[in-house]
Structure formats: structure tokens, C-alpha cells
Amino acid sequence: GFDQIKWQRRKVWQQLQAKWTECLAKIELWKGSLKRIEGNFGTGVVAYFLFLRWMMFLNLGIFLIILAFVVLPQIFLTASAGDDECTIDVPNSTACCAEDYFNGTSDFSVVDIIQGTGIMEKTLMFYGMYSNEIYGYHAEVNTSLIGFTKSLYYDLPLAFVCTTLACFLVSLVAIVRAASREFKDRLVEGEGQFYQYCNLIFGGWDFCIHNEKSAEIKHKAVFNEIKGLLLAKKMEFERFNRTSDIMAKLIVMRFFINCIVLGILAASAVVIYYLLNVSLAYLDPNFTPESILSPFSHAREKSFLVTPAIVEDIFRDVDDAAGAEERTLSDQLVVLFYEFLPYMAIVLLNFLVPILFNYLVQFEQYSPVFVIKMALLRTILLRLSSLGVLLSRFYVLVSPQVGDEVCYNAQRGTPQCWETFVGQQLYKLFIIDFVTHIFVTFFINFPRALIAQHVNTKLARFVGEQDFELSKHVLDIFACLCNSKPSEIHYRASRSKSLFMFILLLSFAIAVAPVVYAVAELHPSRSCGPFRGLQSVWAAAIEAFMKMPAFVQNVIFFFGTAAFAVPAFIILILLLYYYYAVSAANKHMVMVLKNQLVLEGRDKQFLLNRLSSFIKQQQDYQKKMRQAEMRANRDSRTSRNAGEREAD
């Protein structure tokens, strides 16, 4: 009947799910490479690359959201002719400022591709080229019953704000879900710490493996997992057996090393600050520490950010065109060097300072898991301090507001479109970081690996062998597969995953803070972007809210009143208490079931002991019976022989 139909439908659905899971497993990205990494380096290392793959898919989803709701509408929607046009009567209006910015020169140059200026600045890659239009149309709809005006429109500034919020919300939900899942795995692992070796040895093998290569990789993975567990136990044993004198010396040593680390971080920030000032001072002779130069005005784009004094030096005493071109190229390369000077310093510090951190952490005698935590935390603090210095200097540049009488403060060096300026600086940092990773991986580490593999000498092994460490090779799957050998420290998968998620959640919170402040407080540029002419980015959302029907406004306003907040707070408290009670009851039930399992185990042990004793008694009884039977047979034979002798 109906139950049979439900059962058949459920069975078909389960078969479809199994087929879909099988198809996904066959087309899984980097499956073979990840299996080799797991076999050679352990589950802790492969967990990091699984995390990178998860991050790639998350960024792909965010990219699709931005593409669908911001980029494609900007490309395909056509702006209607409006009243916001530049007039001679108001030369510094928002429309005139935007027209001046969009009509700037944008000749093609290779340097522009590297810097993000010129023709690159006029693409949708940067904020400044997005429109502040509200795209739409109005249609008169007349029927026999009613006549009305139907309006469809797409508010691009509002879409910009909503898309940003959606991206942050999607990221937060994905991170929290992944972090909770990893926390659950850690909790389960902690519950099973007394029998983790049994689970790994007797239940860790995959019996679906049907070829020798996969079996060898799985064998290495299980071996590395057991090795990591034993190493953690060894470190824990050494930690519990330290004397008070050793602990006191260790605390002093750790305090001293942490002071050194803080000094290194402060020195790195000072170096970046100083080089940034040197760069800006070279590009603008009027630069002072209280003022930041904008190299992005149209007059400077033609000379690749060359100051007037440098231009005079370049074109002084020029006799032939070839010499002028040569000297101009040379000076442009010098200016390009000063443009990238602070970002080269950031990348160089991010490359060298973690090596120093890894050397210092050896003297602190932490456990292998805590070593990777400290190394990653210090590396993150280094990068955040670098970005903090850059953002603080950018804030000094963009924080003073300009009145309606000017488009931007050119005398102070403020860029015409400061949002694009900030994007260009981060673009330069990305270019330098990417080029450095490519160069180090393929032109330094890869030749070293070839030397270590093909030259069998102590010097070659010393120069070429490289341990793969998570805190060092943070974005390098090629280094893991080709350039490195397994590290002596083996990381466990669950702890590595939870650590990565914690760092990601921390980085997300730190990244959201400046964006939220910029959206709420900073004054947008009057010459570019979808928010030009507004007091803040959030003002676009407020304007869109004021255009909503009165009923919707009243509903939203109701959410901010005490009539909604107090009942909602009470309901949340009751729900919290309810889930706490359910959790406590479940926890108590788990404890009862654990005790019951212990009692059942004892009962089984008692029954096994009784069974063993009973079997032993039976065996002894049977042995005695056999001995008695043997004695009786022997006596009967003896008596029979005696009777035969008497008869004879």
C-alpha cells in the first residue's frame, strides 16, 4: 500500500544519493595529489590542503555572487538619460567631477598592468568605474478595470551594499558551520582518547582498496597517524615530568623570546612605515609625514608618477630622441622601484621573519601541536601589523572630508578616487607576493630538490633537502609534492582543521572591522564609484529604505522597538534554557550509557571468568574421569592376567 510506495521512493532516493556521491568522488578536485600528500606527509598536512580547496570553493561562490549582482548589471544594463549632467554653472558638481575622472587619459602601457593604473584603472576590476545609476523603465499598463504605472528598476549602489553584506554573511555562515563541524570532531576524538590506538589499528584500514599503489599510500597514512599520536604522547610525558627548576627556566626563556618576537613585530612595522614615507617622499617633493601623496591624478598618470622635478631632470640637455627615450625609461624604472618599495619590504619580511620565528620557537619547548599554533599566530600578527601600517597611512589620506566647492584636495595630495587608490596599493602587494612565491618555488626550491634527489653527497643533502612545515609553506602544494620531504613533526588532522578554522574566523573578524568602519563613517569620493555624492556608503541603503512603502518601513521600524525586543529577548532566553536543559539531559544520558557500557563490560568479564572456570572444571573432571578409566582398565587387565596365570 502507501507504506510500500514510501519505502520504494525512499529506496530510489537513497540510490540516487549514492550514485551522486560516487560521481562526485570520481571528479573530486586534486584527489590523486591529496592522496599522495596524505600518504607521504600525514593527515595533518593534507587537512591544510583540504582547507585550501574549501577556501577556493568559498571564494568561487563569492565571485559568482559579485558577478551576478554587480558586474553583469554594470555591463549589460543601459543607463537612462537623466538630469545629473555636468553644467558650466557648477563646475565642481558631482557630475562634473565624475566626468573629469572618467575622461582622463588611459593609454595602454605595460607599467599600467603592473601598477593597476591607466587602462587597468578604467576597468571593472576597480571600484571607480562602477556607476551610481538606478537602472529601470516605466511602463503604462491600461486594462478595462484599472490603469496604473508599472516600474522596474535595479539600484546598483544598493546592490553593491547588499552584495557586500551577502558575501560577508555567506562567509560567516560557511566558516561557523565548518568550525562547528571541526569542533565536533575534536570532541569525538577527545571522548575516544583511551581507545584511539585500537580504533586506528583495527578500524583505520580501508577495505575498499583494490590496488597496490593505493594500499601503499594508505599504509603510509596510517603509519604517520600512529607516529603522530606516539610523538604527542612522548611530549606530554616529558611535559608532566619537568621539575620546578626546569619550569622556572623555561618560563623565563619563553618570556624573553616573546619579548624578542614583539620587538621584531614592532621593528617590522617601523621599517614598513619608514619605507612607505621614503616612497611617498620620492614621488612627491611636498610630502610630509602628516600628508600622503596621491600619485593618481591625471597629470601624473602620463609620466608614470614622476614628479615635476624629476621630469625636468629627465628632459634636461636632451640632444637626440634615442637618448631621451633611454633616460626616460631608466627614470621610469627608478620610479617604479619606489612605487613597489614598501610592498617589496612587506613580502621580504613575510618571507624572512617566519624563518626567525621558527628558529626561536625551538627554545620554548612546546608540543608539536602548540609549535604550529605559535608559528602561525606570530606569522599572522606579522602580516596584520604590515597591513595595519598601510591602512593607517591610507586612513590619514582619506579621512579629511572635502566640501562641495572642490572635487578632491589636490593640494594635500588626496587622490581623485581614493577607493581605487587603496585597491591599487593592495593590487601591487598581491603582484609582488605572487611573483615572489612563483620565483622562490620554481627557481630556488625546485632546483634544490633536484640536487637533493640526484646528487648523493652530504653537501647536496644539506643544501637540497627541505622539510615541509605548515607555518612555512602556507600556499604551496607544489612544494609539498615535489620540493619537500616529510617533516619530523607529524600533525593530526582534527587538530589541524580546528586550528585553521580558528585562524580563518579570527582573520574574518579582523578584516570585517575596517570595512564596516569605511561603510559607516568614511566619505566616498565625489568623482567615482556608485556612492559619489553621498555622505557615506550606508546612506545608499538608507535612501533605498526611505523609498520603500510605508507598511514595510513600519514593519522594519517595529523590529527596533521595545515591543519587539523584549518578547524576542524573553523567547531567546527560554529557547536557550530549553536547549541547555536538553543538552544537560543528553549529557547525563551519555554518562548513564557509558556507565552501562562499563557495567556490561564488567558483566561480560565476569561471565567470561565464570565460563572459563566452568570450562576448566569440566576439563579437570574429564581429565580425572579419563585417569580413573585408565586406572580401571589397568586394574582389569592386571586381574585378568593374574587369573590366566592361576589357570595355567
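This is a predicted model: local features need pLDDT of at least 70, side-chain atom pairs count only at pLDDT 80 or more; totals for chains, interfaces and linings use all residues.
In which helix is Val435 found? Val435 belongs to helix 14, which spans residues 418-454.

**Surface patch**

Val435 is part of a nonpolar patch on the surface, together with Phe430, Phe434, Ile438, Phe439, Phe442, Phe443 and Ile444. The accessible area of these residues together is about 790 Å². Val435 itself has a relative accessibility of 48% and therefore counts as partly exposed, since the exposed class requires over 50%.

**Disulfide and cysteines**

A disulfide is a covalent bond between the sulfur atoms of two cysteines. The count for this model comes to one disulfide. Cys417 and Cys528 form the bond, with their sulfur atoms 1.9 Å apart. The torsion about the S-S bond of Cys417 and Cys528 is about 90°, so the disulfide is right-handed. Cys417 lies in the loop between helix 13 (368-398) and helix 14, and Cys528 lies in the loop between helix 17 (493-520) and helix 18 (538-546), so the pair ties together parts that are 111 residues apart in sequence.

| Residue | Relative accessible area | Class |
|---|---|---|
| Cys417 | 4% | buried |
| Cys528 | 0% | buried |
| Cys162 | 40% | partly exposed |
| Cys259 | 39% | partly exposed |

Because buried means under 20% relative accessible area, Cys417 at 4% falls in the buried class, as does Cys528 at 0%. Cys162, at 40%, is instead partly exposed, and Cys259, at 39%, is also partly exposed.

**Second largest cavity**

Rolling a probe the size of a water molecule over the atoms shows where empty space is left. In this model the count comes to six cavities of 30 Å³ or more. The second largest cavity holds about 100 Å³ of space. Twelve residues line the second largest cavity, and the closest to its centre are Leu276, Ser279, Leu280, Tyr343 and Gln425. Helix 9 (244-283), helix 12 (321-360) and helix 14 are the elements that each give two or more residues to this lining. Which element supplies the largest share of the lining of the second largest cavity? That share, four residues, comes from helix 9.

Note on methods: Residues are numbered from 1 along each chain as its sequence is written. Side-chain values use heavy atoms; hydrogens and water are left out. Patches are made of residues with over 30% relative accessible area and no salt bridge: like charges are joined within 9 Å, nonpolar side chains (Val, Leu, Ile, Met, Phe, Trp, Tyr) within 5 Å. Accessible areas come from the Shrake-Rupley method with a 1.4 Å probe; for residues, only the protein chains shown count as cover. A salt bridge is a side-chain nitrogen of Lys or Arg within 4 Å of a carboxyl oxygen of Asp or Glu. Buried means under 20% relative accessible area, exposed over 50%, partly exposed in between (1.4 Å probe, protein chains only). A disulfide is a pair of cysteine sulfur atoms within 2.5 Å. On a 1 Å grid over the protein atoms alone, a cavity is a set of points where a 1.4 Å probe fits but cannot get out, and a pocket is an open set with protein on both sides within 12 Å along at least five of seven lines; lining residues have an atom within 4 Å of a point. Grid points are joined across faces, edges and corners, and a volume is the space filled by probe spheres set on the points.
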